[in-house]
Amino acid sequence: MEKKHYLIIGAGIIGSSIAREISRRGLGKVTVLEKEQNLGMHASGRNSGVVHSGINQKPGSIKAELCLKGNALLKQFCRKHKVRIEEVGTLVISNSDEDDEILEQLMAMGKRVGVPGLKIIDSGELKKREPEVVGRKALLSPSGAIVDSIGFLEAVVKDAKKHGAEFIMGAKVSGIHRNSVKTRKEIFEADHIINCAGLYSDKIAHMMEAGKGIRIVPFRGEYMEVENLNIQSMVYQAPDLNFPFLKVHLTRTVDGKVLAGPTATLAMGREAYRKGMHIGEFLGMASSVNFMRLILRESFRKLVAENAKVTVSKKAFLKEIQVISPSVKKRDLKKHPPGIRAQPIDRKGNILKDMLVEFNDNSTHILNAVSPGLTASLAFAEYVVDRIENK
Ligand SMILES: Cc1cc2nc3c(=O)[nH]c(=O)nc-3n(C[C@H](O)[C@H](O)[C@H](O)COP(=O)(O)OP(=O)(O)OC[C@H]3O[C@@H](n4cnc5c(N)ncnc54)[C@H](O)[C@@H]3O)c2cc1C
């Protein structure tokens with residue numbers, strides 16, 4: 001029997017992990033088309049490098065399941081392929097009665113999800129672990145880790161190639177007609193197309209009459225590098241559980257830097273890494289029903305206003321950092337490249353929080369692979385390929 005040709009659009013960590021999984025299982029020929037010349041130019045190379053433990057995931061959600069499974073698979077993969085990873089643990093600090101309640105909620109959610117080793121520690125133990133952090137107590141999740149995210153992506157691509165997958169860089173998909181995929185270089189014929197285009201996944205889906213009613217709204221995550229601060233692990237403020245974004249937090253990277261952020265700032269273009277506006281894209285987004293309904297929500301306007309403040313004012317950014325570590329000074333803050341989240345919104349203006357994949361006969365569309373997509377990636381690939389294989 002002739003084997004199928006799987007064509008994957010996008011060589012981020014999701015597309016690359018799926019390419020690896022299909023080729024490892026020997027299901028057919030795999031070609032990955034990536035518009036950039038280099039790997040990791042978007043979310044997969046512009047993130048915090050955190051291997052999440054799953055503490056803030058909703059029990060029963062796909063995200064929770066894939067985060068937990070992905071955490072273990074990623075650690076195993078990194079050990080085997082010698083990718084830099086450190087199991088440093090995650091701390092969520094409390095500074096008020098309200099925060100205490102959120103910590104209890106996170107602990108209960110984490111236990112239901114199956115996160116191992118969760119415990120609340122007091123201010124004394126927190127001080128011992130993180131002398132430069134303040135909090136009256138903290139939730140400790142020991143299975144959180146930090147990873148070299150570009151190193152991880154490169155290793156996944158290398159392993160996929162070893163199993164026969166082909167990666168074609170600089171191949172931007174500009175049109176799709178039935179099973180023909182057009183790039184400037186060539187037209188590719190495929191039996192099954194897998195859309196892993198991140199910030200452009202809605203556009204690619206719409207070319208194939210899939211992803212109906214979904215619009216990607218880009219949220220820029222801005223970072224500051226914090227000098228003269230010693231942090232051993234990841235330290236979070238108690239989150240607002242109504243939003244899929246975390247508040248500004250501190251993360252040590254495998255390079256020994258300390259990052260503060262990311263913010264969740266509405267971006268004026270899908271790849272608007274600088275703060276300017278991409279007029280065509282912005283007008284396209286702003287005129288959609290999805291966006292208009294989203295902007296009508298007071299809670300959303302509040303989120304946008306709060307994050308815009310942190311974006312324009314270094315002083316406001318500093319204030320957020322000082323909630324965790326009051327000794328940080330303005331002069332300690334240095335700019336660090338941002339990333340942009342591909343956040344899908346439905347026609348009612350709902351922010352879609354769980355992972356979302358549309359499975360059709362000859363195509364599959366990854367419509368939501370936001371954080372913890374890096375952590376979940378290898379489990380996400382198994383989840384997607386299991387369903388494609390059993391169709
Ligand atoms: C600021 C930030 C911080 C984050 N921190 C973490 C974290 O600490 N831990 C964690 O687990 N997750 C984190 N995430 C989430 C994680 O980075 C993403 O879930 C993951 O990288 C998504 O991978 P992807 O392959 O879907 O997207 P991408 O990496 O964006 O890949 C999509 C690819 O598709 C390509 N493409 C797009 N259009 C086309 C086209 N027309 N033709 C060909 N190619 C195309 C793009 O060039 C791109 O390379 C973070 C995300 C952001 C933005």
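Predicted model: local features only at pLDDT ≥ 70, side-chain atom pairs only at ≥ 80, totals over all residues.

Me: How do you know that the radius of gyration agrees with that of a compact globule?

Reply: The radius is taken over C-alpha atoms, and the globule rule is 2.2 Å times the number of residues to the power 0.38. For 391 residues a compact globule would have a value near 21 Å, and the protein has 21 Å, so the two agree. Along the principal axes, the C-alpha trace spans about 65 × 45 × 35 Å. The protein has 11 helices and 21 strands, these being DSSP runs numbered from the N terminus (helices H or I, at least four residues; strands E, at least two).

Me: Why is H1 called oblique to H11?

Reply: Helix H1 (residues 13-24) and helix H11 (residues 373-389) pack at about 40°, with their axes 8 Å apart. Axes are lines fitted to C-alpha atoms, for helices over the stretch in contact, and angles run from 0 to 180 degrees between N-to-C directions. Angles under 35 degrees count as roughly parallel, over 145 as roughly antiparallel, 65 to 115 as roughly perpendicular and the rest as oblique. H1 is therefore oblique to H11. Their crossing is right-handed, and the residues making the contact include Ile14 and Ile18 of H1 and Leu378 and Phe380 of H11. Contact requires C-beta atoms, placed from the backbone, within 7 Å.

Me: What makes H1 roughly parallel to H5?

Reply: The axes of H1 and helix H5 (residues 149-162) come within 8 Å and cross at roughly 30°. That angle makes H1 roughly parallel to H5. Among the residues in this contact are Ser16 and Ala19 of H1, with Leu153 and Val156 of H5. By class, the contact has 6 nonpolar, 3 polar and 2 charged residues; Ala, Val, Leu, Ile, Met, Phe, Trp, Tyr, Cys and Pro count as nonpolar, Asp, Glu, Lys and Arg as charged, and the others, Gly among them, as polar.

Me: Why does Gln57 count as buried?

Reply: A residue is buried if 20 or more other C-beta atoms lie within 10 Å of its own, exposed if 12 or fewer, and partly exposed in between. Gln57 has 26 C-beta neighbours inside 10 Å and therefore counts as buried. This residue lies in the loop between strand S3 (50-51) and helix H2 (62-81). Leaving aside residues up to four places away in sequence, Gln57 touches Lys63, Ala64, Cys67 and Val113.

Me: What makes Arg178 exposed?

Reply: Arg178 has 10 C-beta neighbours inside 10 Å, so it counts as exposed. Arg178 is found in the loop between strand S10 (173-177) and strand S11 (180-183). Although not a glycine, Arg178 has a positive phi of about 50°.

Me: How do you know that Glu209 is exposed?

Reply: Glu209 has 10 other C-beta atoms within 10 Å and is therefore exposed. Its phi is near 55°, a positive value in a residue other than glycine.

Me: Which peptide bond that ends at Pro372 is cis?

Reply: The bond from Ser371 to Pro372 is cis, with omega near 10°. Pro372 lies in the loop between strand S21 (363-368) and H11.

Definitions and conventions:
Residues numbered from 1 in each chain as written. Left-handed = near helix turned anticlockwise from the far one by under 90°. Contact = placed C-beta atoms within 7 Å.
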